[in-house]
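Open the model in a viewer and keep the selection tool at hand. The stops below are given in the order in which to select them.

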Amino acid sequence: QSGKAVGVDKLSPTSLLFDGAVSATTIAMDSTRRYHEKEAFVSGHSGTTPLEILLICLVVPVGVRLYHRLRRRSPRRRAADVPLEYVAVVLPTLLVQTSILPYLIGPAALVAAMYSLPTMVGANEDTSSCQVLMDPRRPAFLTVHRSSVYILTTIAILAVDFPIFPRRYCKTEESGYGLMDIGASSFVIIAGWTSALNARGADGAPQAVGSLAFKATKKCLPLFIIGLVRLATNKGLEYQEHVSEYGVHWNFFFTLSFVEGFMVLWKGFKKHAPTRGLPIDLVVGTLIMASYQRFLTFGGGQDFVENGARSCSGDTYEGHMPRWMCDAFAANREGILGCVGYLSLRMISEDMSRYCLINGTKKGTTGRGLLLASVVTWTLHFVLTRGLGIPSSRRSTNASFVSWSLAHNVTLLLLFYKEMRGNDLPPIQDAVNQFGLAVFLASNILTGLVNLTVDTLHSSNFQAFCVLSVYLALVCGIALGLDVFGRGDRSSDRRIKIAD
């Protein structure tokens with residue numbers, strides 16, 4: 001009887017309810033623990049060197065060169081273009097972002113091997129049989145550079161959750177150089193370059209304030225909505241967040257929304273001012289950056305960004321704005337203040353495009369213009385960092401970070417310019433460029449699905465590489481599928497599509 005009593009007690013509703021509560025509590029604690037583990041895994045890093053990051057990105061132009069040389073060995077087999085590009089360009093871009101290759105020597109050796117391979121296999125170097133007409137508004141070298149940024153970023157946003165991704169490539173916590181730091185600024189720079197190319201010779205008549213406001217809203221509202229969706233998704237799924245990246249609630253889509261909306265208003269204002277032929281964007285962008293850097297260095301801005309509290313609440317608060325507004329600013333200070341740096345970067349990039357790309361195309365001096373811009377921006381960066389002692393800070397988007405971003409991107413664009421003369425676009429990169437935003441959103445969704453289904457923190461290098469390879473193949477497949485069904489009979493247009 002005592003045995004039966006014990007059995008009944010074990011099955012009692014009170015016991016079942018207690019066991020369920022304990023299980024739910026345990027699951028919640030495990031979930032919280034995993035959340036904090038993943039958050040710590042992507043936080044607190046100091047980065048690497050500009051040289052290593054440049055070496056990593058060099059894999060793409062060298063891979064494109066390898067693709068073109070090998071493709072000439074069988075020019076009639078167009079069906080092999082996609083797998084050839086995947087092997088020559090995409091997979092090396094993944095490999096170079098893993099710990100499989102040793103520090104610095106690994107990327108350098110891979111670049112050297114890829115560069116030498118065409119000579120070793122006897123690939124034809126003659127480009128006379130594959131000359132293509134260069135559209136000055138849709139330059140192939142800019143298309144390839146833009147798509148390479150998408151591919152590098154697509155890999156990094158998932159790879160960072162695996163131990164196979166070196167921690168020095170993560171976003172830096174305070175100052176330094178991280179591979180993931182350069183992605184956002186590259187998108188802003190390329191947006192400036194393409195915008196200037198698209199607007200050439202189309203000044204138009206001045207617009208009314210109401211018309212400009214509507215145009216600015218139309219331009220920035222979709223990006224703002226995407227930012228809200230991303231915010232709701234991250235908070236709803238309790239996805240790990242790097243708070244020092246943009247803040248508690250901010251994300252890069254909000255930054256893009258602000259920059260794009262402001263640029264519409266700024267261009268409308270310029271039509272009312274006698275600025276034709278003057279580098280007004282360069283001048284104003286530089287003045288904005290100089291003023292912002294003065295605030296960061298002498299006004300306590302850098303210390304506030306790095307060490308400030310996330311809230312203004314308290315009995316001692318005596319601010320000149322409502323407390324909720326002060327709290328929102330403090331919680332998202334990186335994203336809000338970073339808009340100033342990104343706006344400066346965008347304005348400088350537009351004038352750089354006018355003088356290096358547009359004028360260079362007219363005079364046949366594009367290569368020399370890009371080389372000069374590369375030398376000037378690298379020199380400026382070293383003056384700021386070594387001479388004035390201003391470390392590069394992605395977190396505050398300071399002058400050193402802006403100059404590094406420009407120098408890095410101009411150098412790569414110069415290499416793409418040298419390679420793409422007389423060559424057609426690789427199909428995967430063409431498709432990624434054509435549907436960049438859709439591909440980026442798809443990669444974010446796939447990244448979330450992988451994190452919900454795979455224990456990324458405890459995956460072996462082999463498991464991680466397999467998952468990343470499949471993920472990357474899916475992303476490329478999505479881009480190619482959109483290209484086939486979304487472009488139709490426009491497949492012959494193999495140049496960058498620049499949005500109005």
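**Before selecting**

This is a predicted model, in which local features need pLDDT of at least 70 and side-chain atom pairs count only at pLDDT 80 or more, while totals for chains, interfaces and linings use all residues. Residues are numbered from 1 along each chain as its sequence is written, and side-chain values use heavy atoms, with hydrogens and water left out.

Helices are DSSP runs of H or I with at least four residues, and strands are runs of E with at least two, numbered from the N terminus. Buried stands for under 20% relative accessible area, exposed for over 50%, and partly exposed for what lies in between (1.4 Å probe, protein chains only).

**Stop 1: the disulfide**

Select Cys312 and Cys326. They form a disulfide with their sulfur atoms 2.0 Å apart; the cut-off for such a pair of cysteine sulfur atoms is within 2.5 Å. Cys312 sits in the loop between α12 (301–307) and α13 (323–331), and Cys326 in helix α13, 14 residues apart. The angle about the S-S bond is -70°, a left-handed link. Both Cys312 and Cys326 are buried. By the distance rule, the count is one disulfide.

Two further cysteines can be selected for their burial: Cys170 has 1% relative accessibility and counts as buried, and Cys476 is buried at 5%.

**Stop 2: aromatic rings**

Rings of Phe, Tyr and Trp (its six-membered ring) pair if their centres lie within 6.5 Å; planes under 30 degrees apart are stacked, over 60 edge-to-face, and the rest tilted. A search of the whole structure gives 16 aromatic pairs.

Select Phe165 and Tyr169: the ring centres are 5.8 Å apart and the planes are at 80°, so this pair is edge-to-face. Phe165 and Tyr169 are both buried.

Next, select Phe253 and Phe440. Their centres are 6.2 Å apart and their planes at 55°, so the pair is tilted. This pair links distant parts of the chain, with Phe253 in helix α10 (residues 252–270) and Phe440 in helix α18, 187 residues apart. Both Phe253 and Phe440 are buried.

**Stop 3: salt bridges**

A salt bridge needs a side-chain nitrogen of Lys or Arg within 4 Å of a carboxyl oxygen of Asp or Glu. The whole structure has 13 salt bridges.

- Lys267 and Glu350 meet at 3.2 Å, N to O. Lys267 lies in helix α10 and Glu350 in helix α14 (residues 333–363), so the pair ties together parts 83 residues apart in sequence. Lys267 is partly exposed at 25%, whereas Glu350 is buried at 1%.
- Asp281 and Arg354 have their closest N and O atoms 2.8 Å apart. Asp281 is in helix α11 (residues 280–298) and Arg354 in helix α14, 73 residues apart. Asp281 is buried at 0%, and Arg354 is partly exposed at 23%.
- Glu334 and Arg310 have their closest N and O atoms 2.7 Å apart. Glu334 lies in helix α14 and Arg310 in the loop between α12 and α13, so the pair ties together parts 24 residues apart in sequence. Glu334 is buried at 2%, and Arg310 is partly exposed at 26%.

To see one network, select Glu260, Lys267, Asp281, Arg346, Glu350, Asp351 and Arg354, which are joined by salt bridges that share partners.

**Stop 4: single residues**

Select Thr397, in the loop between α15 (366–387) and α16 (399–420). Its phi is near 50°, a positive value in a residue other than glycine. Most residues other than glycine have a negative phi. Thr397 is buried at 2%.

Then select Val402 in helix α16, buried at 4%. Val402 and Ser185 are 217 residues apart in sequence and 7.8 Å apart in space, C-alpha to C-alpha.

**Stop 5: a surface patch**

Select Leu221, Phe224, Ile225, Leu228 and Val229, which make a nonpolar surface patch of about 420 Å². Patch residues have over 30% relative accessible area and no salt bridge; like charges are joined within 9 Å, and nonpolar side chains (Val, Leu, Ile, Met, Phe, Trp, Tyr) within 5 Å. Accessible areas come from the Shrake-Rupley method with a 1.4 Å probe, and for residues only the protein chains shown count as cover. Leu221 is in helix α8 (residues 209–237) and is partly exposed at 41%.
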